[in-house]
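These are my notebook entries on a structure that is new to me. I record what I looked up, topic by topic.

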Amino acid sequence: MEDNSQLKDDRKDPKLIANLVKDGNFGMPYLPEKLYADIRWLSMLQDQINEDRIRDLNRLHREMKIYFPEYKDAFGKIDGAFCLEVLKVAPFPEDLVTLGVEVIRQIWHEAKLRGRGYVNATSIFENAKKSIGIQDGAESSKVAVKWLVHRMLESNEQLADIESCLHQMCMDIPYAENILAISGIGKNTLSGILAEMGDISRFDDVKEIQKLSGLGLVAINV
C-alpha cells in the first residue's frame, strides 16, 4: 500500500496502521463482558490445559513404545483411569511381572475404580512376560513415565473442575436451555459456543451469526 512492496519492517508497520485508523479502515473488536468474559477466559484456559495434556500423552506413547512395545495390547487406552493407576506404580514389563495379576487388581481396588477393567489384569501380565522392549535407559525412562502420568492425572482433575465451572456459568445464561434443546448440542458444545460468540442477543439477525461462524446455510426443498 505504501511502496508497492510486500516487504514489511518495524518502520513501515506503525505508519501503515496509523493511515488505516486515520481513514477509518478498521473494525472494533468485540470484547465480552461480565459472565461472558469469564466463560471465554475459562474456555481458553481449558484449551491450554488440553494442549498440554495431549503433548504429555504423546511423550508417554513414545516412552512406552521403546520399553514396552506391547503396551497397547496390554492396556488398550493408555490414558484411561485403569492404565494410569498402574503406570504410577509399575510402568515397564519387569515391574508388572514382579507385581503379578492380583497386585495389579489390588492397585485398582485401592484407587476405587469400577468397571470391566479388572479383567485386563491377566492380559497386562501376559504381555509384560513376553515383552521385547529394550532395557538400556529403562530406569531413567521410568522416572519420565511416572512424571508424565502425574501431570496427566493432574490435568484430568483440572479439566473436570473447569468443565464443571463452565457448565454452571452457562446455565446462568437466559437462553442456554434453548440452545441445549437443539439436537446434537450438549453442555460442552454450549460452553464453546458462548465462549466464542459471547452475548448472542447483540446480533440483530441470524445471518450475522452465520457469518461469524463462517457458514453459508441454505434450505433445500425436497
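**Entry 1**

I began with helix α10, whose buried residues pack against α2, α8, α9 (176-180) and α11 (206-213). I note that helices are DSSP runs (H or I, at least four residues), numbered from the N terminus, as are strands (E, at least two). Buried means under 20% relative accessible area, exposed means over 50%, and partly exposed lies in between (1.4 Å probe, protein chains only). The model is a predicted one, in which local features need pLDDT of at least 70 and side-chain atom pairs count only at pLDDT 80 or more, while totals for chains, interfaces and linings use all residues. Residues are numbered from 1 along each chain as its sequence is written, and side-chain values use heavy atoms, with hydrogens and water left out.

Helix α10 spans residues 187-197, and I listed its buried residues as L190, S191, L194, A195 and M197. After α10 comes G198, with a positive phi near 75°.

I then turned to helix α4 (residues 81-89), where F82, C83, L84, E85, V86 and L87 are buried. The cover over these buried residues includes α2, α3 (71-75), α5 (93-99), α6 and α8.

**Entry 1: aromatic rings**

How many aromatic pairs does a search of the whole structure find? I recorded five. Rings of Phe, Tyr and Trp (its six-membered ring) pair if their centres lie within 6.5 Å; planes under 30 degrees apart count as stacked, over 60 as edge-to-face and the rest as tilted. The pair of W108 and Y118 is edge-to-face, because the ring centres are 5.7 Å apart and the planes stand at 90°. W108 belongs to helix α6 (residues 101-110) and Y118 to the loop between α6 and α7 (121-129), so this pair ties together parts that are 10 residues apart in sequence. W108 is buried at 1% relative accessible area, whereas Y118 is partly exposed at 22%. I also found F82 in one aromatic cluster with W108 and Y118; F82 is among the buried residues of α4.

Elsewhere, R202 lies over the face of Y30, 3.5 Å from the ring centre. A charge sits over a ring if NZ of Lys or CZ of Arg is within 6 Å of the ring centre and within 35 degrees of the ring normal.

**Entry 2: salt bridges**

I counted a salt bridge where a side-chain nitrogen of Lys or Arg is within 4 Å of a carboxyl oxygen of Asp or Glu. The structure holds 12 of them. In one, D56 and R151 meet at 2.9 Å, N to O. Since D56 lies in helix α2 and R151 in helix α8, the pair ties together parts that are 95 residues apart in sequence. D56 is buried at 2% relative accessibility, and R151 is partly exposed at 28%.

K142 and E94 form another salt bridge, with the closest N and O atoms 2.9 Å apart. K142 is in helix α8 and E94 in helix α5, so parts 48 residues apart in sequence are tied together. K142 is buried at 9%, while E94 is partly exposed at 39%. Through shared partners, salt bridges join E94, D95, E139 and K142 into one network.

I162 lies in helix α8 (residues 138-170) and is buried at 8% relative accessibility. I162 and L42 are 120 residues apart in sequence and 7.0 Å apart in space, C-alpha to C-alpha.

D38, in helix α2, is partly exposed at 40%. D38 and M169 are 131 residues apart in sequence, with a C-alpha to C-alpha distance of 8.4 Å. H61 is also placed in helix α2 (residues 34-67) and is buried at 19%. Not counting residues up to four places away in sequence, H61 touches Y71, K72 and I78.

**Entry 3: backbone angles**

Most residues other than glycine have a negative phi. K34, which is not a glycine, has a positive phi of about 50°. K34 is in helix α2 and is exposed at 73%. K112 is not a glycine either and has a positive phi of about 60°. K112 lies in the loop between α6 and α7 and is exposed at 72%.

Technical notes
Contact means heavy atoms within 4.5 Å.
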